Amino acid sequence: MSLASGRVERFKVLLQIQMSRLRTSWRPYLIVSSVMPLGIAVLMRAVMEPEQVQEFGRQIVAGSVVLAIAMTAVVMLAQRMASLKESRAIDYYSTLPVSRAAVVAAVLLSFAVFSLPGTIIVVVLGAALFDLSLVALWVVVPVWALGSFALAGIGLFIGFGAPDEQLAGMYSNLAMMAVLFLGILPEDKLPDWISPLRLVLPSTYAVEALKPGLNGEIAASLAGDLAVLALFGAILFWAVRGPLWPKAE
Amino acid sequence: MGRNAAYEVRNLRKVYRSPAVTANDGIDFVVQPGESFGLLGANGAGKTTLVRQLVGLLTPTAGDIRLFGDPIKPGGEARVGRTVAYLPQGSLALGELKVAEAITWTGMLRGCGAATARAETAELMDRLELASLADRQVRKLSGGQRRLVQVGMTLVGRLPVLILDEPTADIDPSLRRRIWELLAERCRSGAAMILVTHDVAEAEHVLDRVAILDRGKVAATGTPGELKADLAHRTRIEVVVAEESSVVVEEVAASLGASKIEGRRVSGWIPAEDAIRVLEKIMTSAGPGALEDARLVTPTLEDVYLGVSGHHIEDEERRESR
C-alpha cells in the first residue's frame, strides 16, 4: 500500500467510525442544525415591516444559513472534542498511525454531512419567506464546505481548551451568539467598535459570500470570500497539528 | 552490530508542574523483542506515567526513550503508532461502535487490509469469547467485556510492541487465563511486551523480567526467579483454625513466632530449614480436625512485590509481634 493510498484508506476508516457513531443519533443533529436557524429567520420575518424585507432579507437568510453551519462546526465539534479529551479517548487516536488533522477532519465531516440538508432547508425556506432568488443556490455548497472547515477552528479551540464537555457546551454557545449577531445583523446596525471583530470571524466571509447569490447574482467578491474561508481552514489544519491539539504535559 | 532493543529507557525523569510531583526519577531499563517485561508497583508508584511517556502521550522532563533505536520525541507519534499497540487504563474509545467494528477498524487504522483485519478480528473474538457479542455496542457491555474488547483492539494488527496497562482488570479468572495465554503467544512470536499489572501472581507466569517501582524509582529489577531468590531462605506457613475448634488462634501465632492474624487465619515467615518441623508441631498440638488448612508456601513474586512496595516482611513481622 503506497503512503498516499494508505492515508486515504485510513481517512475512510476514520470517517466510517464517526459516521457509525452517529447512526443512532443523526435525527437530533439534523433537526437542531435546521430548526434553530430557520426559527430565527421566521421570527425576524414576523416582526419586520414589509419595506424592511427587501433591505434586510438577504442578510438574515445568509446569516441563518451560516448559523446552521456553525451549529455543527462550532457547538457540536467543540462538545465532541471536549468529550474525547475528557474521557481520554483522544489517546486512542494519538497512539495510532493517523494524523491529527485526519481525525479532526473526519469528526468535522461527519457532523457537516448532517448540516448540509439543514443548510439547504434554511436557504430554500428562507428565500421563500423573504422573496429571494434561488438561481445561484449552488453557492451554498462551497460556502457550506469551506465555512464548516473555517468555523471548525473556533469549535476546536473551545473543545480542546475547555476543562470539560459541559463548559465546552457553554463556551461554544457563547461563540454562537457572536456568529448569530455578527452574521444576521447588518454591519451598519452594529456599534463601530465591533467592526474589527467581524473581520476576524470566518462567519463574516461566509455571509458575504452568500448574500449576492440570494439576489441571483454571482459577485466578483465571491472568489475572495471563499479564499478567505479556505485560508481560515488552512490555518486550522496547521494549528491542529501543534498548538490546538491537547498538550503532552 | 547487534539488533536494536524494542525499548531502551535511560535516566528517565518526569516531574509534574502543578502540583509539583516527581512521578518518575532516574528510570533505566531495556526491553528486547520477544521479551515480556513487567512494571509492578503500588498505586501512585509512577507506572502509568512511565508508560504514557513510552507512547508519547507525556513528554519526559529529562532522560531518553528509544524505540528500536530511534528517540521518541514530540511529534513522533506516527512512529509509535506504526510500532506500538497501547492498551490504556480505563479509557473507552470507540464505545459507540459494535464490537467487531471496533476491533476491525482499529486493525485497518494500523495499516491492515480489510480482509486481514476481519480475519484477525474473527480469531481474536473467538479467543476472547466475544463472538456472540460481535454486533453489540461496546459501551453497552459489562466492564469486563469492554476490557476484553480493548484487549482485542490492542492485539489486532500484530504490532511488534505491546504496552498494556492493567489488561485483566475487571475480567473473570478463566478469561484472564486466556488473555495471559494470548499475550505469551505474542511474545513467543517475537513481540516485545511491557505489562503494568497488580495481578502479580498470574502475571508471574508470562513475565521474563520485572521492574518494581516504588515512589517513582526502580526499587528492584530482574527475572522473577532472581527476585524471589532473595526470599528463598524463608518459607511462609499459613494455618486456618477450624470454626468449632478449641485451638486458640493466638497460641498458634505464638508458636510461629512473628506472625500475622486475620480472623481464623494465621501466617508467618520462618527459616526454610525449620518449616516442616514447625508445621508438624502445630498440627500435632492442635489435634485432628482442629485445623481447617495448614500449608507451606514458597515465596512468590507477589511476596517480593509486597516487600519492595513498602510492606517489608520484617516490618510486618515486627508490627504483628508487638
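One of the paired positions can be named: B:Val15 has B:Thr22 as its bridge partner in β2(B).

These two strands belong to an open sheet of four strands in chain B, ordered β2-β1-β4-β5, in which the pairing is antiparallel. At the edges of this sheet stand β2 (21-31) and β5 (70-71) of chain B, each of which pairs on one side only.

## The six-stranded sheet of chain B

Chain B also holds an open sheet of six strands, which follow the order β6-β7-β8-β3-β9-β10 and whose pairing is mixed. Because β6 and β10 (217-222) of chain B lie at the edges and have a single partner strand each, one side of each is left without a neighbour in the sheet. When direction is ignored, neighbouring strands of this sheet are turned against each other by 15 degrees on average.

Within this sheet, strand β7 (residues 161-165) of chain B runs parallel to strand β8 (residues 192-196) of chain B, and five bridges join them. Among the residues paired in this way are B:Asp165 and its partner in β8(B), B:Val196. Helix α1 of chain B, residues 47-54, packs on the sheet, where this helix touches β3 (36-41), β7, β8 and β9 (209-214) of chain B, and its direction makes about 150 degrees with that of β8(B).

## Helix packing in chain A

Two packed helices are described by the angle between their axes and the distance between the axes. For helix α3 (residues 50-86) and helix α9 (residues 202-210), both of chain A, the axes come within 9 Å and cross at roughly 135 degrees, and α3(A) and α9(A) are therefore oblique to each other. The crossing in which α3(A) passes α9(A) is right-handed. From α3(A), the residues A:Ala62, A:Gly63, A:Val65, A:Val66, A:Ile69 and A:Ala70 meet A:Ser203, A:Ala206, A:Val207 and A:Leu210 of α9(A). By class, the residues of this contact comprise eight nonpolar, two polar and no charged.

Helix α3(A) also has a contact with helix α6 (residues 140-161) of chain A, where the two axes come within 7 Å and cross at roughly 35 degrees. Here too the crossing is right-handed, as α3(A) passes α6(A). The residues of the contact of α3(A) with α6(A) are 18 nonpolar, six polar and two charged.

## Where the two chains meet

The contact between the chains takes 20 residues from chain A and 27 residues from chain B. On the side of chain B that touches chain A, α2 (77-83), β6 (84-87) and α3 (99-109) of chain B each supply at least two residues, and the largest share, five residues, comes from α2(B). When this side of chain B is divided by class, there are 17 nonpolar, five polar and five charged residues.

## Confidence in the model

The model scores ipTM 0.80 and pTM 0.80. In chain B the mean pLDDT is 85, with 93% of the residues of the chain at 70 or more.

Residues 312-322 of chain B are a stretch over which pLDDT stays under 50, and for this stretch the model has 11 contacts beyond four places in sequence. Where pLDDT is low, the predicted coordinates should not be read in detail.

Technical notes: Residues are numbered from 1 along each chain as its sequence is written. Chains are lettered from A and ligands numbered from 1 in the order in which they are written. This is a predicted model: local features need pLDDT of at least 70, side-chain atom pairs count only at pLDDT 80 or more; totals for chains, interfaces and linings use all residues. Two residues are in contact if their C-beta atoms, placed from the backbone, lie within 7 Å. Ala, Val, Leu, Ile, Met, Phe, Trp, Tyr, Cys and Pro count as nonpolar, Asp, Glu, Lys and Arg as charged, and the others, Gly among them, as polar. Axes are lines fitted to C-alpha atoms, for helices over the stretch in contact, and angles run from 0 to 180 degrees between N-to-C directions. Angles under 35 degrees count as roughly parallel, over 145 as roughly antiparallel, 65 to 115 as roughly perpendicular and the rest as oblique. A crossing is left-handed if the near helix is turned anticlockwise from the far one by less than a right angle, and right-handed if clockwise. Two strands pair if DSSP finds at least two bridges between them. pLDDT is the predictor's confidence in each residue, from 0 to 100.
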